[in-house]
Amino acid sequence: MPAPRLLVMEGNSPETRAQHVAAGGTVASTGYANLLQELLPSAVVDICFPGDPGSNLPIGEALEGYDGVAITGSGLHVYDGGPEVTRQIELARSILEAGTPIFGSCWGLQVLTTAAGGIVRKNPKGREIGFGRGIRLTEPGRKHPMYVGKPEVFNAPTVHLDEVETVAPGMTVLATNQVSDVQSAEIKYNGTTAWGVQYHPEYPLREVATIVRRIGPRLIDEGFFLNTADIETFASDLDTLDRNPSDKRLSWRHGISRNVLEKKLRTGEVANWLEFQVLPTRAKRGRG
């Protein structure tokens, strides 16, 4: 049998990717591809950049040739429109129409919601940054395979300003918290099942630290930090916890639980997607 083939759809613009790397981070699609490769070592993982002008994007049978597609986060906003947003929504809709399982993180959930007929807005409650606190599974979420092995209430790495305002037809909310009513959802569209989360199970703490440093001036303006020294203290603590998750002093100080510190727990949603969506669909297609 051929190796499983996965595609990572990068949500960020070239400018944001360059800024993130300059700040010491890893390009979102590269980090996602590395995680998928770790969770499914036999897989071949490709990356595409639908927001980039002139990108050669897979269509039709090429999309059906993938066993699963993951969509990264992004600094873009669906409601701003423009070609770099429209291309991503159209590609997401094409993937849904191809019947290929999809997992979307943050921007990925927003793009999938829009492609399926829902609405995304700027969150009137403001930004959720660092960690989504008190994310609680709904009744459907407690029974859903995405959350096998996950507690009913948990925290997760989070960076977002926007949220789902109106769910799409065929969309079931799986988790919620006080900041966003839709923290995760399942979308059924044209016979395809997509899973999306508003948080980032794929992010290690060092990536959250990099983002906080990169967008620091905005976070000061929004009242999350007093000054750049305050930002650096927080980011440095996350870097330390990334290297040493057992540092009780820092995990206690920031209220960071096992669900974030233990990689297997943090990335469980992605692992469950591979197990319960990607591999079974691959088998049905006669590829494994």
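Visitor: How do the axes of H7 and H9 sit relative to each other?
Guide: The axes of helix H7 (residues 205–214) and helix H9 (residues 228–243) cross at roughly 165° and come within 8 Å. Keep in mind that this is a predicted model.

Visitor: Are H7 and H9 roughly parallel or roughly antiparallel?
Guide: Angles over 145 degrees count as roughly antiparallel, so H7 and H9 are roughly antiparallel to each other. The crossing of H7 past H9 is left-handed.

Visitor: Which residues make the contact?
Guide: From H7 they are Leu205, Arg206, Val208, Ala209, Val212 and Arg213. H9 brings Ile231, Glu232, Phe234, Ala235, Ser236, Leu238, Asp239, Leu241 and Asp242.

Visitor: How many of those are charged?
Guide: Five are charged, nine are nonpolar and one is polar.

Visitor: Is H7 mostly covered or mostly open?
Guide: H7 is mostly covered, with seven of its 10 residues buried. Those are Leu205, Glu207, Val208, Ala209, Thr210, Ile211 and Val212.

Visitor: What covers them?
Guide: The cover includes H9, together with helix H1 (14–22), strand E6 (128–137), strand E7 (153–160), helix H8 (216–221) and helix H11 (258–261).

Visitor: Different pair. What about H2 and H13?
Guide: Helix H2 (residues 28–39) and helix H13 (residues 268–284) have axes that come within 10 Å and cross at roughly 55°. H2 and H13 are therefore oblique to each other. H2 passes H13 in a right-handed crossing.

Visitor: Which residues meet there?
Guide: Tyr32, Leu35, Leu36 and Leu39 in H2 meet Val270, Ala271, Trp273 and Leu274 in H13. By class, that contact has eight nonpolar residues, no polar ones and no charged ones.

Visitor: And H4 with H5, what angle do they make?
Guide: Their axes cross at roughly 70° and come within 9 Å. That makes H4 roughly perpendicular to H5.

Visitor: Which side chains are involved?
Guide: On H4, Val85, Gln88, Ile89, Ala92, Arg93 and Leu96 take part; on H5, Trp107, Val111, Leu112, Thr114 and Ala115 do. The contact of H4 with H5 has eight nonpolar, two polar and one charged residues.

Visitor: What else does Trp107 touch?
Guide: Setting aside residues up to four places away in sequence, Trp107 touches Gly11, Ile71, Thr72, Gly73, Ser74, Leu76, His77, Val78, Val85 and Gln88.

Visitor: Why group nonpolar residues at all?
Guide: In soluble globular proteins, nonpolar side chains tend to be buried together.

Visitor: Last one, Gly117. Buried or exposed?
Guide: Gly117 counts as exposed, because its relative accessibility is 52% and the cut-off for exposed is over 50%. Gly117 is in the loop between H5 and strand E5 (119–122).

Visitor: What is Gly117 in contact with?
Guide: Beyond its neighbours within four places in sequence, Gly117 is in contact with Ala168 and Pro169.

Notes
Residues numbered from 1 in each chain as written. Predicted model: local features only at pLDDT ≥ 70, side-chain atom pairs only at ≥ 80, totals over all residues. Heavy atoms only, no water. Contact = heavy atoms within 4.5 Å. Axes fitted to C-alpha atoms, helices over the stretch in contact; angles between N-to-C directions. Helix = DSSP H or I, 4+ residues; strand = E, 2+ residues; numbered from the N terminus. Parallel < 35°, antiparallel > 145°, perpendicular 65-115°, else oblique. Nonpolar A, V, L, I, M, F, W, Y, C, P; charged D, E, K, R; others polar. Left-handed = near helix turned anticlockwise from the far one by under 90°. Buried < 20%, exposed > 50% of the residue type's maximum accessible area, 1.4 Å probe, protein only.
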